[in-house]
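Please look at the charged side chains of this structure and at how they pair with one another. Where such pairs sit, and how open they are to the surroundings, is the topic here.

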Amino acid sequence: MAFQRVASVSDIPPGVTKVFEVGDRAVAVCNVSGDLYAIEDVCTHDGSSFEQGELDGCEIECPRHGARFDVRDGSATELPAVVPVDTFAVRVEGDDIEVDV
Ligand code: FES
């Protein structure tokens, strides 16, 4: 595990989610009112990406069947998903967003 740069801070403004390939993992980085969180970009219900999902406060809604996850801890907060998604540590170094995958 090591922090890797995925984007510049200006690339992910508040309310936006962007997806990156980091090593062999797909990672969705979410900006919640200036705080950055990273979750695995694989919905635990049936594998959808969250890239087109709506970020509503600290929750992201899967665009496929509407499951919701708290991006802070990965917990599933709305059916049909019941299993949490993996989360990753995020840090900002200068203008770089880095994720520990
Ligand atoms: S794949 Fe995400 S809710 Fe079904």
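The paragraphs below go through the salt bridges one after another.

The structure is a predicted model, in which local features need pLDDT of at least 70 and side-chain atom pairs count only at pLDDT 80 or more, whereas totals for chains, interfaces and linings use all residues. Residues are numbered from 1 along each chain as its sequence is written, and side-chain values use heavy atoms, with hydrogens and water left out.

A salt bridge is taken here as a side-chain nitrogen of Lys or Arg within 4 Å of a carboxyl oxygen of Asp or Glu, and by this rule the count comes to 10. One of them joins the side chains of Asp46 and Arg64, with 2.8 Å from N to O. This pair links distant parts of the chain, 18 residues apart, since Asp46 lies in the loop between β4 (35-40) and β5 (54-56) and Arg64 in the loop between β6 (59-61) and β7 (68-70); strands are DSSP runs of E, at least two residues long, numbered from the N terminus.

For accessibility, buried means under 20% relative accessible area, exposed over 50%, and partly exposed in between (1.4 Å probe, protein chains only). Asp46, at 45%, is partly exposed, and Arg64 is partly exposed at 44%.

In the salt bridge between Arg72 and Asp70, which has an N to O distance of 2.7 Å, Arg72 is partly exposed at 48%, while Asp70 is buried at 8%. Glu93 and Arg91 form another salt bridge, with their closest N and O atoms 4.0 Å apart; Glu93 is partly exposed at 42%, and Arg91 is partly exposed at 35%. Finally, a network of salt bridges links Asp56, Glu59, Glu61 and Arg68.

Conventions. Helix = DSSP H or I, 4+ residues; strand = E, 2+ residues; numbered from the N terminus.
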